[in-house]
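I opened this entry to record what I looked up in the model.

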Amino acid sequence: MDSERAGMISKAAWLIKEGRVVKISDVMYYVKGRKNRHIVQVNGDALTCTCPGYKERGICSHVIAVSTVMKLEEGREVLDELLRARIEREFKAFVKRIEK
């Protein structure tokens, strides 16, 4: 991995950790960088950013951060569903035990 890409990943991690990635809608995220604010748009599987770095390279820390947040949200939804199903199973088993 080149140092430029490593720097983008490091900055993306910082943006996420500091809570600087805000979901506006299913197709738009607001990202507050150290100095500037940018909009990342979601168009199917493609993400685009309003920052100059994205326009130059076609990738930026803002897009990496949003992509990561989207994956985390998907993972959380799966975990929430698994947890809900587990609680439902355990509750049904509990009710059966107390009805005996």
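**Pocket lining**

I began with the lining of the largest pocket, to which α2 gives the largest share, three residues. The model is a predicted one. I then listed the helices that each supply at least two residues of this lining, and found α1 (3-17), α2 (52-57) and α3 (61-99). I noted a volume of about 180 Å³ for the largest pocket.

How many residues line the largest pocket, and which lie nearest its centre? I found 14 lining residues, with Lys 11, Asn 36, His 38, Cys 51 and His 62 nearest the centre.

**Packing of α1 and α3**

I turned next to α1 and α3, two of the helices that supply the lining. Two packed helices are described by the angle between their axes and the distance between the axes. For α1 and α3, I read an angle of about 55° and axes 8 Å apart. I recorded the crossing of α1 past α3 as right-handed.

Which residues make this contact? From α1, I listed Met 8, Ile 9, Lys 11, Ala 12, Leu 15 and Ile 16. From α3, I listed Ser 61, His 62, Ile 64, Ala 65, Thr 68 and Val 69. By class, I counted eight nonpolar, three polar and one charged residue in the contact of α1 with α3.

Methods. Residues numbered from 1 in each chain as written. Predicted model: local features only at pLDDT ≥ 70, side-chain atom pairs only at ≥ 80, totals over all residues. Heavy atoms only, no water. 1 Å grid on protein atoms, 1.4 Å probe; cavity = no way out; pocket = protein on both sides within 12 Å on 5 of 7 lines; lining within 4 Å. Points joined across faces, edges and corners; volume = space filled by probe spheres on them. Helix = DSSP H or I, 4+ residues; strand = E, 2+ residues; numbered from the N terminus. Axes fitted to C-alpha atoms, helices over the stretch in contact; angles between N-to-C directions. Left-handed = near helix turned anticlockwise from the far one by under 90°. Contact = heavy atoms within 4.5 Å. Nonpolar A, V, L, I, M, F, W, Y, C, P; charged D, E, K, R; others polar.
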